[in-house]
Amino acid sequence: MTTQSRSASQRAQTSQTRGASRRTQTSQTRSASQRGQTSQTRGASRQTQTSRNRNASRRTQTSRNRGRSPQKRIFGCFTEFQFYALVYLAGIVLLNIVIWSSRSFCDWFSEYVFPIFLNTYGRLTRLFPFSVGEVLIVLGILLCLLAALLWIFLCIWRKNRRFAGACRLIRGYYRFFTAVLLNVALLMTLNCFVLYHCTPIDPNPARETREYTGEELLTLRNFVVEQANALADQMERDEDGLVVYTGDLQAECRKAMRRLGDTYPKLDGWYTKVKTLHFSDLVSQMYIGGYFFPFSMEANANGNMYLVNYPEVYCHELAHTRGYIYEDEANFLSYLACIGSDDPFLQYSGYLSVISYIERDCEESLANGWQAEAVGWNEYIAQVDLAFLEPGAWERIEENAVISTETVEAVSDKVTDASLKVNGVQSGIVSYSEVVGLLLAYYDGILY
């Protein structure tokens, strides 16, 4: 009985122990399983989050790239714009090399290609009542100032993410600014630089090239002064002795230039009108009578000049528009056009236009005492008609001037001199007075 009871008790205890062991093991197994599952869930969650972050980052980057419109790369180092800009610049440089090395090409271009620009682009700008070239120069100055200001902004804020959009716009502006500069360089090459390398005109093909004597220079001077003296008394004048003119001056100047086309064929054909400069006060301080703007194919004149100066200035600037870019040649052709006109007022302006140049050469070239053989000036010429500006203009200009006339004139002379020398005119600003040499050659066989 006791043995059976113990066995039963042992069996029950063993059964309980086994059950407890199984429950403990099952519980441990379940806990391990749950921990593993939790770990897997966390890992999966992390992977999902990482994947989401990557996808979000890719979408953000894609969105930014779309907003930036990234430049296409060429040869791995240039953007598409940079590549084409370099090609464009290389073409301009190559064209200038051809210009400097081939005079025959420049002559052909001046005779057959340059007139196309005048008869197309020049006709378009002629429709505007104001000087398009003057407006373009003002816009060019503003574009340069804006480029300088934006460069400062870009240097300061380019690493600041808040201004990333503004910096992209600034870089876009610089692409536009570069395109403008390249086109300005091309226009200057086609409408100006090429003309400086054409064959100079020969005022008297029948004569042999030679040096002229002081006596011949004095003979030329006396002839011009005599013609001007005779015409001075024929001019219609007001109560102050100032010349008055009531005809269509621009039409007469165009007519005179076309007539000269019988001798110089490039002067024959259509002519633009000469426009008055808005900034005539500043131009007056430079002592400049007119401008030819190659950007717009326009002839422009200073609006402050004394009336007698206009015919020779109009003809001078019109000569530039027909491809004669040298200043001495434009002076010479203007002189011939004016004195060849049927209008005495144009003739008078023509003779007066060269008197100062010839007088200066006489003073520099002839010994003391030449004045005794020189013909004296008419009273009107000596006291009135050689004036540059109309009466009262200088007082008004000096009163309103921001910069002194002496400073403006000095800077203008240096810029003009440098510009002419860069284009191969070795004498620079002195080339204006070289019209005297052309006149000496022209009258060779006529006066001496």
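Colleague: Which residue in E5 is the bridge partner of Gly290?

Modeller: Ala301 is the bridge partner of Gly290. A word on the source: this is a predicted model, where local features need pLDDT of at least 70, side-chain atom pairs count only at pLDDT 80 or more, and totals for chains, interfaces and linings use all residues. Residues are numbered from 1 along each chain as its sequence is written, and side-chain values use heavy atoms, with hydrogens and water left out.

Colleague: What counts as a strand, and what counts as pairing?

Modeller: Strands (E, at least two residues) and helices (H or I, at least four) are DSSP runs, numbered from the N terminus. Two strands pair if DSSP finds at least two bridges between them. In general, strands of a sheet pair through backbone hydrogen bonds, either parallel or antiparallel. Here, E4 and strand E5 (residues 298–301) run antiparallel, joined by four bridges. Phe293 stands opposite Glu298 in E5.

Colleague: In which sense do E3 and E5 pair?

Modeller: They pair in the parallel sense, over three bridges. There, Val274 stands opposite Ala299 in E5.

Colleague: In what order do the three strands form the sheet?

Modeller: The order is E3-E5-E4, in an open sheet with mixed pairing. Strand E3 (274–276) and strand E4 (290–293) are the edge strands, since each pairs on one side only.

Colleague: What lies between the strands of the E4 and E5 hairpin?

Modeller: Four residues lie between them, and Met297 takes a positive phi near 55° in this hairpin.

Colleague: Are the residues of E5 buried or exposed?

Modeller: Buried means under 20% relative accessible area, exposed over 50%, and partly exposed in between, with a 1.4 Å probe and protein chains only. Both faces of E5 are covered. Glu298 and Asn300 are buried on one side, Ala299 and Ala301 on the other.

Colleague: How do I read two packed helices?

Modeller: Use the angle between their axes and the distance between the axes. Axes are lines fitted to C-alpha atoms, for helices over the stretch in contact, and angles run from 0 to 180 degrees between N-to-C directions. Helix H2 (residues 80–101) and helix H3 (residues 103–126) pack at about 105°, with axes 5 Å apart. So H2 is roughly perpendicular to H3 (65 to 115 degrees).

Colleague: Which residues of H2 and H3 meet?

Modeller: Contact means heavy atoms within 4.5 Å. Leu95, Val98, Ile99 and Ser101 in H2 meet Arg103, Phe105 and Cys106 in H3.

Key: Angles under 35 degrees count as roughly parallel, over 145 as roughly antiparallel, 65 to 115 as roughly perpendicular and the rest as oblique.
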